[in-house]
Every structure is written in C-alpha cells, then in structure tokens.
Amino acid sequence: MKLLRCAAIAMMALMLSAPAGWASQPQPPPATDGFVAANDLPPTEQLPAGPFVVGAYSCFLVLMVGYAWSIARRLNTVEKEMRTLEQRQSRGSSTR
Amino acid sequence: MVRKLFTPLVVLTAAMFAYAPIAIANAPYESTMLLVQKIFYFHLATWMALAVAVSVCAVGSAMYLFKGHEGADRVAFAAAELAVVYCTFGLISGSLWGRKAWGVWWQWDAKLTMAFMLEMIFLGYLIVRKYGGPGSEKLSAAMGIFGAATAPFIYKSADWWRTIHPQTSVMKTLGKNAPPMWNVVWFCGTAFVLLFLVLLALRVGLEERRAELDRLYLEAEA
C-alpha cells in the first residue's frame with residue numbers, strides 16, 4: 001500500500017514537471033513554406049553566385065538583341081525582294 | 001489600332017526593363033539561396049511570358065484549323081517562334097540557377113524534362129513550317145495546340161511528382177512572406193509579357209509582309 005502511494009506521488013510529480021521541462025528545451029524554428037527574405041547577407045556569399053546571376057542576365061540580353069536583329073534582317077530581305085519585284089513589274093509594263 | 005499602340009508599348013517596355021535591374025537589386029535576399037535567387041526574377045518572368053506565348057499560339061492555331069483564319073495562323077506562327085526563344089532562356093537561366101542551388105547544370109526530373117520536351121515540340125513546329133511544304137500550316141497548327149496543352153502539366157509537375165524543382169506553393173506564399181519580392185516578381189512578369197507583345201507585333205508584321213510578297217509573285221505569274 002505504501003509502495004503504491006509512493007508510485008502515485010512520483011507519477012504525479014513527473015506529470016506536473018514535464019511541461020516545465022519541455023518548455024525549457026530549445027524550440028525548433030517554425031516551419032516555413034516558400035521564400036523568406038534575409039536582411040543581412042554574409043559577404044562571403046556574394047561572390048560565388050555573382051557569375052551565375054550576371055551570366056543569366058547577359059544571356060537574356062544577348063538572346064533578345066539577337067532575336068530583334070534577326071527579325072530586322074528578315075524584314076529587310078523581304079522588303080528588298082518586294083522592291084526588286086515591283087521594279088521588274090514596272091519595267092515589264094513599260095516595255096509592253 | 002495596333003500601330004497606334006505600338007510606340008507607347010515599346011516606350012513602356014523599355015522603361016520597365018531599364019528599371020528592372022534596380023528593382024531586382026533592391027529586392028531583399030532570400031534566406032537560403034541568397035544572391036543566386038536573383039535569377040528567379042527573370043527566370044519566372046520568362047515562364048510567365050512563355051505561358052502567354054503558347055496560349056496565343058494555341059488560340060491562333062485553333063482559329064486557323066477550325067475557321068480557316070489566315071491572320072490567326074500568322075499570329076500563331078509568330079507566337080510559336082517566340083515560345084522557342086523564351087523557353088530557351090528559361091532553360092538556360094534555370095540551368096545557371098541549378099548549378100549554384102543544386103550543384104548540377106541539369107537534372108532529368110519531371111519538370112525539367114517536360115520543359116525540354118515543350119521546347120522540342122515548338123522547335124518541331126518551326127521545322128515543319130519551314131520544310132513541310134504545302135499543307136504544313138495545318139500540321140503545325142495541330143502541333144501548336146498539343147504543345148500548348150502540355151504547359152499546365154509542366155506547371156503542376158513539381159506538385160504532382162517528386163522533383164528537385166521548387167513547388168508552385170512558392171508563388172502562393174511569397175506574397176504573404178515577402179511582399180517586396182512578390183512586387184518585383186510581378187513587375188518583371190509584366191515587363192516580359194509586354195516585351196512578348198512588342199516582339200509579337202514585329203514578328204506578325206514580318207509575316208504580313210511575306211504574305212504580301214507571295215501575293216505579288218502570284219500576280220506577276222498570272
């Protein structure tokens with residue numbers, strides 16, 4: 001009977017002290033879903049990624065300028081062909 | 001109407017692209033990827049414009065196939081070419097980002113492989129159009145519709161299958177977690193879509209001149 005009472009007291013003490021024990025443990029950081037903005041960037045992190053960022057933006061610039069140039073060149077070819085055809089047509093109509 | 005809007009559209013697009021690097025530089029750094037995450041602003045914007053390009057191509061192709069509208073076919077052809085350009089940049093920028101973030105240039109996972117297949121479908125569209133001979137317009141129009149149909153699967157593939165690519169939840173939570181980053185994403189997305197419209201107008205103009213040239217040749221032969 002005495003043993004049973006001791007066990008009950010020990011159990012109760014354990015149950016009461018448990019939340020306090022859990023609270024004192026370091027809490028894990030809250031789960032994040034997606035991007036989180038960082039306010040301070042370590043200087044060592046800036047250099048390695050630099051060439052990739054510069055490369056990506058340069059690539060975009062080259063691609064877009066190249067594509068615009070390609071449209072202009074093709075348009076020029078078509079216009080030149082149209083002028084030649086019109087000249088040929090007007091020459092043909094004047095000789096008839 | 002299009003000609004009237006063209007110059008203001010070019011000015012607005014140029015102004016947005018001039019400001020974009022400043023907006024990107026001022027956007028906060030992401031806590032885990034830091035500087036390399038700055039590629040994201042052009043990378044995501046490219047895929048936004050690509051989604052618009054493949055949609056325009058699909059609508060134009062459908063109008064040509066079912067209604068025989070030749071102007072719609074010219075728009076679809078121009079949009080398909082732009083889809084190839086945007087997809088190329090999306091794959092290159094993703095690869096550059098992946099090299100730093102994942103340690104590899106390329107990974108044959110679901111999303112990346114499907115994006116590569118989309119590029120192949122639209123390259124196929126252009127090849128059929130150039131070398132397919134008479135009737136290739138209808139065949140390429142069908143390819144444009146099926147190519148565009150793969151786009152939603154590419155978008156959702158990171159959620160449905162296990163891939164190393166970030167899930168679409170990034171976009172859902174970005175506005176809540178980091179509004180300054182969210183604003184820059186939409187700014188760049190709008191700039192890319194406007195650039196698409198400018199290039200589309202130029203490219204459709206080229207196709208119209210080609211159609212005019214063909215008509216002149218036919219008249220000369222008659």
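Here is a walk through chain B and the side of it that touches chain A.

This is a predicted model, in which local features need pLDDT of at least 70, side-chain atom pairs count only at pLDDT 80 or more, and totals for chains, interfaces and linings use all residues. Residues are numbered from 1 along each chain as its sequence is written, while chains are lettered from A and ligands numbered from 1 in the order in which they are written. Chain B averages a pLDDT (the predictor's confidence in each residue, from 0 to 100) of 89, with 98% of the residues at 70 or above. For the complex, the predictor gives an ipTM of 0.86 and a pTM of 0.80.

Chain B has 8 helices and 1 strand, counting DSSP runs of H or I with at least four residues as helices and of E with at least two as strands, numbered from the N terminus. Along the sequence they run α-β-α-α-α-α-α-α-α. The C-alpha atoms fill a box of roughly 70 × 40 × 25 Å along the principal axes.

(The expected span is 1.5 Å times one less than the number of residues.) Just after α3(B), G103(B) has a positive phi of about 85°.

Now for the partner: 36 residues of chain B are in contact with 30 residues of chain A, contact meaning C-beta atoms, placed from the backbone, within 7 Å. On chain B's side, β1 (29-30), α3, α7 (169-177) and α8 (179-221) each supply at least two residues, and α8(B) gives the largest share, 11 residues.

How values were computed
Contact = placed C-beta atoms within 7 Å.
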